[in-house]
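Let us walk through a protein structure together, one step at a time. Keep the picture open beside the text and look for each part as it comes up.

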Amino acid sequence: MADVIPFRKPSLKEKRKGNILCRQGHHKWELDKAKQFDVKQGKLVTLYRCVRCRKQKVTLL
Ligand SMILES: [Zn+2]
């Protein structure tokens, strides 16, 4: 018996575990030194990436 479920369940255990903290705003930011220059704006920026959910944030210097 196979139910047709309209919702897709997340199957990545580690990702879901990490996102618990991420959803609470506790991202594990890691400095991405490869992208410290925003060529679009021509400004020096510091780019952080969450090692768990891959979310990015940019801080202008
Ligand atoms: Zn995160």
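Begin with strand 1 (residues 29-31) and strand 3 (residues 43-50), which pair in the antiparallel sense over three bridges. Two strands count as paired if DSSP finds at least two bridges between them. Helices and strands are themselves DSSP runs, numbered from the N terminus: a helix is a run of H or I with at least four residues, and a strand is a run of E with at least two. To find one of the meeting points, look for W29, whose bridge partner in strand 3 is C50.

Before going further, please note what kind of model this is. It is a predicted model, in which local features need pLDDT of at least 70, side-chain atom pairs count only at pLDDT 80 or more, and totals for chains, interfaces and linings use all residues. Residues are numbered from 1 along each chain as its sequence is written.

Here pLDDT is the predictor's confidence in each residue, from 0 to 100. For the protein chain the mean pLDDT is 77, and 62% of the residues reach 70 or more. Which element has the lowest mean pLDDT, and which the highest? Strand 2 (residues 37-38) has the lowest, at 60, while strand 1 has the highest, at 93.

Now for the overall plan. The protein chain has one helix and four strands, and from the N terminus on the order is α-β-β-β-β.

Strand 3 has another neighbour to explore. Five bridges join strand 3 to strand 4 (residues 56-60), and these two strands run antiparallel. Along this pairing, T46 stands opposite T59 in strand 4, and R49 stands opposite Q56. Together, strand 3 and strand 4 form a hairpin with five residues between them.

R54 lies in the loop between strand 3 and strand 4, and R54 has a positive phi of about 65° although it is not a glycine. Most residues other than glycine have a negative phi, and most peptide bonds are trans. Is R54 buried or exposed? R54 is exposed, because 11 other C-beta atoms lie within 10 Å. The rule is this: a residue is buried if 20 or more other C-beta atoms lie within 10 Å of its own, exposed if 12 or fewer, and partly exposed in between, with C-beta atoms placed from the backbone. R54 and H27 are 27 residues apart in sequence and 9.4 Å apart in space, C-alpha to C-alpha.

Next, look along the strands of the hairpin. In strand 3 you will find T46, which is partly exposed because it has 16 other C-beta atoms within 10 Å. The C-alpha atoms of T46 and K57, eleven residues apart along the chain, are separated by 8.4 Å. Across in strand 4 sits V58, which is also partly exposed because 14 other C-beta atoms lie within 10 Å. V58 touches V45 and L47, not counting residues up to four places away in sequence; two residues are in contact if their C-beta atoms, placed from the backbone, lie within 7 Å. How many of the five residues of strand 4 are buried? The count is zero, and strand 4 is hardly covered.

Finally, turn to the helix. C22 lies in helix 1 (residues 13-23), and C22 counts as partly exposed because it has 17 C-beta neighbours inside 10 Å. Leaving out residues up to four places away in sequence, C22 touches H27, C50, R52 and C53. C22 and C53 are 31 residues apart along the chain, and their C-alpha atoms are separated by 7.2 Å.

To close, step back to the protein chain as a whole. Of its 61 residues, 2% count as buried. Among contacts between residues at least 6 apart in sequence, 22% join residues at least 24 apart.
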